[in-house]
Amino acid sequence: MALSVLAIGLYLFQGFFDIIRSQILIRLGARLDTELAPLAHKVVIEMPRYGYSTSEAMERGRDVDTLRGFLSGQGPIALFDLPWMPIYLIFVWLLHPMLGMLTIGGAAVLAVLTILAELLTRRHSQPMLKATVARNSVADSNARNSEILHAMGITGRAVKRFEAANGRHLECQTATSDIGGTLSGLSKVMRMVLQSAILGLGAYLAIRGDMSAGSIIASSIVTARALAPVDQVIAQWKGVVAARRSRIRLDETLAVINDTSDHVELPAPHKSLSIENITTVAPSTGAVLLSEVSLQLKAGQALGLIGPSGGGKTTLARSILGIWPVLRGSVRIDGADLSQWTESFFHSHVGYLPQDVALMDGTIADNISVLQRRPTREIVRAAQNAGIHEMIVHLRDGYQTELGPHGTALSAGQRQRIALARALYGDPFLIVLDEPNSNLDAEGEEALTRVITKVRERGGIVVIVAHRPSALQAVDMVGLVQNGRLVAFGPKDEIVQPTKVLPIVVDRKPATAGLKSMSAE
């Protein structure tokens, strides 16, 4: 009875500490997630600017989830139990040296299996990661282009493309799982064989009188306890490898974050925008898209960028805002390089309307204010400046209208005008508009002209990428961008010459005469 009470008490004691240890690890994982997830997500947002795909960027964000899941699971517990193995082995050795040698031999075999698991899984880890990113990229592309796939009847082809990518992912996953499962099965068999061998050897030694019968049970229990951590480590090795890979990638991810906390807060800009011999390359390919571009704008000026498609206008707009970092040269606002301005500068003094309008999942007010909790009057004023206040109040919920994913509840023109109001929110000093009238009607273009005029009157600077001449009505400066170079820059009247109208000569000859002359030529 006393032994039973003692055994039950010890088991309860062990279970209580296992629960405490598990809860500590869960909270440790949650704390790590709280500290690292926002930083990792910031890098996820920045990575597409440097040519990474959205899926690859999201994988970096999932690294935090992988680490948290590992810390909250059985992997760390198995690793923390490993240092106790020598104590158990010494105890078995004290019972009898032959039992100790047998146990150490079994532990050595299990250690070899662990090393083998490491070597084999490491070989498959990189292909596994690439296959995962490729599969997620296809899935993301199909989801974003669902309307096109349905309208053109190619949903089946898209599914087959995903099926092929998913097949490659499953091949890598199956290979990795096979290795882990096989080695885990071998380790369990080895551990059971070793426990049986310990019982058999203990019985033999007890028959010979070299140890007591109670030592047989003690050696079996302690041996099982000594080898259990190795068995658990092998079973959890896939998670160990994934956690280690995630930790390495997180170190790389967090290393690229620029710490601007010690930057001196510069006064609000109000003078100029200078571009000095900048060269910009495509983040994904490294191809030079913009070469040796220089210009200067003063407060109250508006620049219209014109030129053929693919000439570099959008690249120049992205370079001005630092979306695509310049390879050489500098972009300066009030004489200070962009790197000297803190993040607060951009969300207080810069407005941007991209070529591909993207609205956030939220209300119209959330989108105009960029999720800032500021007075409603600033939101209304930005909407009025963009000429969409009346349109918004006629909606059922007004400024609280939920737009849904990507703003699909509105038309393309409405989305563009809301994005224009977002660019005007807070009366920024620098406003960059990339083809802001591509989806606008006549009323919207008039509102755009008024917007540019008002910004100039209050001393702001506007840079507008335009394909339609109507967008240039309120600008005073024009830049012609061709083949990645600024081939002309100056006042609008000098760069944009009125089109000469040639007189039309009407040939009064009969049609047959015209045909004869054409035939002769």
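## A cluster of aromatic rings

Let's start with three phenylalanines: ring pairs link Phe 13, Phe 16 and Phe 17 into a cluster. This is a predicted model, in which local features need pLDDT of at least 70 and side-chain atom pairs count only at pLDDT 80 or more, while totals for chains, interfaces and linings use all residues. Residues are numbered from 1 along each chain as its sequence is written, and side-chain values use heavy atoms, with hydrogens and water left out.

A pair of aromatic rings is described by the distance of the centres and the angle of the planes. Here, rings of Phe, Tyr and Trp (its six-membered ring) pair if their centres lie within 6.5 Å; planes under 30 degrees apart count as stacked, over 60 as edge-to-face and the rest as tilted. The structure holds two aromatic pairs. Phe 13 and Phe 17 make a tilted pair, with 4.7 Å centre to centre and 55° between the planes. These two residues are separated by about one helical turn because they are four residues apart in helix α1. (Helices are DSSP runs of H or I with at least four residues, strands are runs of E with at least two, and both are numbered from the N terminus.)

How open to the outside are these rings? Phe 13 counts as exposed at 51% relative accessibility, whereas Phe 17 is partly exposed at 43%. Phe 17 also forms an edge-to-face pair with Phe 16, at 5.6 Å centre to centre and 85° between the planes. Phe 16 counts as partly exposed at 49%. In these terms, buried means under 20% relative accessible area, exposed over 50%, and partly exposed in between (1.4 Å probe, protein chains only).

## The second largest pocket

The second largest pocket has a volume of about 750 Å³. The elements that give two or more residues to its lining are α1 (2-46) and α8 (213-235), and α1 gives the most, with ten residues. On a 1 Å grid over the protein atoms alone, a pocket is an open set of points where a 1.4 Å probe fits, with protein on both sides within 12 Å along at least five of seven lines; lining residues have an atom within 4 Å of a point. Grid points are joined across faces, edges and corners, and the volume is the space filled by probe spheres set on the points.

Which residues lie nearest the centre of this pocket? They are Leu 10, Tyr 11, Gln 14, Tyr 88 and Arg 225, out of 17 lining residues.

## A closer look at Tyr 88

Tyr 88 is found in helix α4 (residues 85-95) and counts as partly exposed, at 25% relative accessibility. Not counting residues up to four places away in sequence, Tyr 88 touches Val 222, Arg 225 and Ala 226, where contact means heavy atoms within 4.5 Å. The C-alpha atoms of Tyr 88 and Thr 223 are separated by 7.1 Å, although the two residues are 135 apart along the chain.

## A buried strand

Strand β3 (residues 302-306) is largely enclosed by the rest of the structure, because five of its five residues are buried. In a regular strand the side chains alternate between the two faces of the sheet. In β3, Ala 302, Gly 304 and Ile 306 point one way and Leu 303 and Leu 305 the other.

Strand β3 runs parallel to β8 (residues 461-465), joined by four bridges, and Ala 302 stands opposite Val 462 there. Four bridges also join β3 to the parallel strand β9 (residues 477-482), with Leu 305 opposite Gly 479. Two strands pair if DSSP finds at least two bridges between them.
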